[in-house]
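Dear colleague,

I am handing over a structure to you with this message. Please look through the sequence and the model below before you read the notes that follow.

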Amino acid sequence: MAYPEPLLLRNCAVLDTVSATCDLEVRWDISLMEGRVFSVTRHLPPWAKPVAAAAARAREIDCRGLVLMPGLKQAKARLVAALVRRRV
């Protein structure tokens, strides 16, 4: 199976579906490798941290002003689980 190229999403806000929060002031860098999330780190300017070899090869997308949210493929299951947790 051919995997997509490595991808680095820089400077994005992240919707946290577990805690139901989205802090627009906190920025994250998300690295995707072989079609999966590889790492999630707080955003720092490129000169402030060493660049991993994989990230150096990755295509970068500046996500300033955008919110990254998880796929809603299992939205119904997640909603039911959240409702059950609150009742117990």
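Subject: findings in the structure

Glu5 has a relative accessible area of 46%, so it is partly exposed. In these notes, buried means under 20% relative accessible area, exposed means over 50%, and partly exposed lies in between (1.4 Å probe, protein chains only).

Please keep in mind that this is a predicted model, in which local features need a pLDDT of at least 70 and side-chain atom pairs count only at pLDDT 80 or more, while totals for chains, interfaces and linings use all residues. Residues are numbered from 1 along each chain as its sequence is written, and side-chain values use heavy atoms, with hydrogens and water left out.

Confidence and overall build

The pLDDT is the predictor's confidence in each residue, on a scale from 0 to 100. Its mean over the chain is 77, and 73% of the residues reach 70 or more. Confidence is highest in strand S4 (residues 59-62), with a mean of 90, and lowest in helix H1 (residues 53-57), with a mean of 59.

The chain contains 5 strands and 2 helices. Helices (H or I, at least four residues) and strands (E, at least two) are DSSP runs, numbered from the N terminus. Along the sequence, their order is β-β-β-α-β-β-α. There are 88 residues in the chain, and 20% of them count as buried.

A contact means heavy atoms within 4.5 Å. Among the contacts with a separation of 6 or more, 50% are between residues 24 or more positions apart.

Strand S2 and its partners

Two strands pair if DSSP finds at least two bridges between them. S1 and S2 run antiparallel and are joined by 4 bridges; on this side, Leu8 has Ser31 in S2 as its bridge partner. S2 and S3 also run antiparallel, with 6 bridges between them, and here Asp29 stands opposite Thr41 in S3. S2 is largely enclosed by the rest of the structure, because 5 of its 6 residues are buried. S2 and S3 form a hairpin with 2 residues between them.

Two residues with a positive phi

Most residues other than glycine have a negative phi. Which residue in the turn between S2 and S3 has a positive phi? It is Glu34, with a phi of about 55 degrees, and this residue is not a glycine. Glu34 is exposed, with a relative accessible area of 53%.

Asn11, which is not a glycine either, has a positive phi of about 65 degrees. Asn11 belongs to strand S1 (residues 7-14) and is buried, at a relative accessible area of 9%. Leaving out residues up to four places away in sequence, Asn11 touches Arg27, Trp28, Asp29, His43, Asp62, Cys63 and Arg64.

Salt bridges

Side chains of opposite charge can pair when their charged atoms come close. A salt bridge is counted when a side-chain nitrogen of Lys or Arg lies within 4 Å of a carboxyl oxygen of Asp or Glu. How many salt bridges does this rule give? The count comes to 4.

One of them involves Glu5, the residue with which these notes began: its side chain meets that of Arg59 at 3.2 Å, N to O. Because Arg59 lies in strand S4 and Glu5 in the segment before S1, this pair ties together parts that are 54 residues apart in sequence. Arg59 is partly exposed, at 42% relative accessibility.

Another salt bridge joins Glu60 and Arg10, whose closest N and O atoms are 2.9 Å apart. This pair links distant parts of the chain, with Glu60 in strand S4 and Arg10 in strand S1, 50 residues apart. Glu60 is partly exposed, at 45% relative accessibility, whereas Arg10 is buried, at 10%.

Asp62 and Arg64 also form a salt bridge, their closest N and O atoms being 3.3 Å apart. Asp62 is partly exposed, with a relative accessible area of 45%, and Arg64 is exposed, at 59%. Elsewhere, salt bridges that share partners join Arg10, Asp29 and Glu60 into one network.

With kind regards
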